[in-house]
Amino acid sequence: MAKSKRFLIGGIIILAAISYLVVGGMKEAIVYFVTPSELKAKENLSADKFLRMGGMVVKGSLKKDLQTLTYHFELTDGTTTFPVFFKGLPPDLFTEGKGAVVEGRIGKDGVFQATTIMAKHAEEYSPHADGKDAAKSFIPAKDTSTK
Amino acid sequence: MAQAAKPIRKSRGVLGALALTAIAIGLYWGLVIAPPDAYQGEVQRIMYLHLPSILTAYLSYFLVFVGSGMYLWKREKRDDILAHSAAEIGVLFTALTIIAGSIWGRPTWGVWWTWDARLTLTAILLLIYTGYLMLRSLIEDESRAASAAAVLGIIGFLDIPLIHMSVYWWRTLHQPPSILQPNKPPWENVHPSMLTALAISFAGFLLLYFYLLSLRYRLGEMREKIKARRLERGV
Amino acid sequence: MRLSIDKLSKAYGFLWALRDIHLELQSGQLVALLGPNGAGKTTLLKLFAGLILPTAGSIQLDGATFAPGALDLRRKVGLLSPADHLYENLTVSENLRFFASLYRRRHSPAALVQTLESVNLGPRRDDYVANLSSGMKCRLSIAKWQLLQPELLLLDEPYGVLDGSGVDLLEGFLRAHCAGGGVVIMASHHVSRVLQLCSHALILHQGRLTFNEAKQQPWPSFDRAFSEFLPHGGS
Amino acid sequence: MSLLSETFLLLRKDLLLELRRRDSLLTMFFFGTLLLFVFHFSFDLPPDKVAEMTPALLWLAFLFTGTLGLAQLFNAERENHCLDALLLSPLDRGALFLAKTSFNLILMVLVEIVVIPLFWILFNLNSWNLLPQLFLVTFLGTVGFCVLGTIMAAITLKARARELLLPLILFPLMIPIILATIRCMENVLRTGELGDALPWLRLLLGFDVIFLTLGVLIFDWVIES
């Protein structure tokens, strides 16, 4: 087989494979964390499966005990909320009304037992707090597109 | 030859001076003029270092790819020098990105490091191109080292989209890109004053990058010249 | 068959192994390649065989040069390296069959046996190459190149390991090869033997081709050139 | 067509040599088994945890044994400068790549056929019915490993400390294969089918096809200096 012909065929195969991956990959992205709604929707949740859940810390839900360093709060994605328990030191940016990702397992009582809290911030930067909401990145893209 | 080298050296000096100026202005704008972020506070200013350096590193790896491909095709020594130089500086900027990002991540996310997609991808980039540099240094025969490295430079670059895809599916915490988002212009994400600081800083990094690249390229060229001279004297 | 070498140079690191070689060879020539150790004989043979690429200059076989993908050219060139290029853990006949299929030379089992008989390896055809003496390996190599029929045959010091009948065998093969329109280049230190056989002599000295003439009887210019690097003169 | 016939010729030669010496296969097999014991003693896993960690542990074992195989891949060509003999010949370099890739693939699959059931026995797992699907996923991952591994083994052929260098440059590039295979295996073990892991399977296939093709195209430059 001539060299150039081989390169042509090889190039076509590689391009086809890449485009197959790109087209297929966009449809079903698997994400770093699940939202509270997705978590609730799953029926057969095994209690000891390690999970990440992301959402907004519900305003007024945060109860902290600084003596024992325990935190109780709820995460929401706008439709569903999920209770979370955490023991340890959360990051500075972790407050009510802001985004957070928690790692851990769901306890037998249905409360998410977090071992790590990570604060998530949006890709937006501004000196003004108005209209800036970290929650946006937790709501699926099709919801925000209507704004 | 000395006459030809002079204007090149002069323009390289100008490039360096420009880079220094742009970085100084960028620093001033980023640290003094631009307002602190409402949510993150002063910490957010690390962005002016973090973001330009990763963009520069990406550019550098692209140049490694181009240089490698050209070298295999044409077998010109200069393409190999380009790829080698770009890889070294790319590794430098990637390391800088990770360090700066880590310092940013600790106060904001609460962790120095997490196995998030973009962080992982950046770390893998660092590993791939460190491996590239090791490969070069561990092969004695120069032309063999050059073609082996070129093959790695090409495969490494083609693998990056796949690695990107896989680590992306695996997990992500990092916010979506602020500047390179397909459906959203950067000014909707970033406050104009911050964006200006970012732009100046980025320009400064680019200039610095090309300054370093030209220096490193010159070094490679001189190495070749020394070799040629010693060969001339040899037999 | 026509071999044209122009300005051929090869450097290893800071040393020239070969410098500025010009050479033209035609069908039927049996060329002796002489020179002290380290003169560059093996490097030159490897260049002709396309195993290494020149630093500068060109090698053309019937107008074609070695490059990745130039596979038809490889069919025309053979390199006989007395104890090398054979798989130790394949038997004598397996080695032959493997290489014959690699070069797509059709052969009947009978032809294979006959070739082995002709180099006195018939009884050993099912022995592993690892169990052969180096003289027998050399005989097997001769059988291999008899079977593969390259146009340009290169030999790297074949005399050292052969006994008397082996030498006769080799020389018969080489004469027949040249008579059939092939070209032979043989590097050797057994000067008197080679001089009897060859039609042409080359002397390499410190990477340069210092002598290049067709054989005459007597040959004072050769004696002069040869004594330059060997004070005791043509033995 | 000559590509395939030459591949077959070289592969047959490699298999014959392996059959006579059994160097690679035996060392790989013992190393793989040894790793299972090391896992057992270093993790001290309770049975319910084992199922969760199976994909990662198995794949770790294959990665290491595979690297062992790759380090010896060109051993036959190293003695007597036989690589030169091959390069001297009109052999299609793409065929050399395919032959070496499939040779290492055969060795690894043989090791896997032994090690996976052994893992089930040693760690008392009872999901034997899932093994065929696991084999399929593992096979696709192994193909990717061998494809990229052969290229990397060839470019490190003349390097100093090549046994150390090989995993250093290979593993970062292997990330998509490692992640995709582990995710697919996890899914098979949890749900009994691929289901959610279909995009991962696609990634696996895509990776295999891309680098297999690329290998055939560029092996000329990989192996020649």
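**Figure 1. Order of helices and strands in chain A of the predicted model.** Along its sequence, chain A of this predicted model runs α-α-β-β-β-β-β-β-α. The count is three helices and six strands. Chain A has 147 residues, and 43% of them are classed as buried. When contacts in chain A between residues at least 6 apart in sequence are taken, 49% of these contacts link residues at least 24 apart.

**Figure 2. Polar and charged pairs between the domains of chain C.** One salt bridge is found across the interface of domain 1 and domain 2 of chain C. Arg139(C) and Asp163(C) form a salt bridge through their side chains, with an N to O distance of 2.9 Å. Three residue pairs are in polar contact between domain 1 and domain 2 of chain C, counting pairs with both residues at pLDDT 80 or more.

**Figure 3. Surroundings of Val191(C).** Val191(C) belongs to helix H7 (residues 191-197) of chain C. Its relative accessibility is 7%, so Val191(C) counts as buried. Beyond neighbours within four places in sequence, Val191(C) contacts Leu34(C), Phe222(C) and Phe226(C). Gly57(C) is 134 residues from Val191(C) in sequence, and the C-alpha atoms of the two are 29 Å apart in space.

**Figure 4. The pair Glu88(B) and Arg216(B).** A salt bridge joins Glu88(B) to Arg216(B), with 2.7 Å between the closest N and O atoms. The pair links distant parts of the chain, 128 residues apart: Glu88(B) sits in helix H3 of chain B and Arg216(B) in helix H7 of chain B. The two side chains are also joined by a polar contact of 2.7 Å. Which of the classes, buried or exposed, applies to Arg216(B)? Arg216(B) is buried, since its relative accessible area is 9%, whereas Glu88(B) is partly exposed at 31%. With residues up to four places away in sequence left out, Arg216(B) touches His84(B), Ser85(B), Glu88(B), Ile89(B) and Arg223(B).

**Figure 5. Surroundings of Asp79(B).** Asp79(B) is part of helix H3 (residues 77-108) of chain B. The relative accessibility of Asp79(B) is 8%, which places this residue among the buried ones. Asp79(B) is in contact with Gly67(B), Met70(B) and Tyr71(B), once residues up to four places away in sequence are set aside.

**Figure 6. The salt bridge of Lys76(C) and Asp62(C).** The side chains of Lys76(C) and Asp62(C) form a salt bridge with an N to O distance of 3.3 Å. Lys76(C) is in the loop between helix H2 (71-74) and strand S5 (77-80) of chain C, and Asp62(C) is in the loop between strand S4 (56-61) and H2, so the pair ties together parts 14 residues apart in sequence. Lys76(C) is partly exposed, with a relative accessible area of 24%. Asp62(C) is likewise partly exposed, with 38%.

**Figure 7. The salt bridge of Glu77(D) and Lys100(D).** Side chains of opposite charge can pair when their charged atoms come close. In chain D, the side chains of Glu77(D) and Lys100(D) meet in a salt bridge at 2.8 Å, N to O. Glu77(D) is in helix H4 (residues 75-78) of chain D and Lys100(D) in helix H6 (residues 93-122) of chain D, so the pair ties together parts that are 23 residues apart in sequence. Glu77(D) is buried at 2% relative accessible area, and Lys100(D) is buried at 1%.

Note on methods:
Residues numbered from 1 in each chain as written. Chains lettered and ligands numbered in written order. Predicted model: local features only at pLDDT ≥ 70, side-chain atom pairs only at ≥ 80, totals over all residues. Heavy atoms only, no water. Salt bridge = Lys/Arg side-chain N within 4 Å of Asp/Glu carboxyl O. Polar contact = N/O pair within 3.5 Å; in protein donor to acceptor, adjacent residues only side chain to side chain. Helix = DSSP H or I, 4+ residues; strand = E, 2+ residues; numbered from the N terminus. Buried < 20%, exposed > 50% of the residue type's maximum accessible area, 1.4 Å probe, protein only. Contact = heavy atoms within 4.5 Å.
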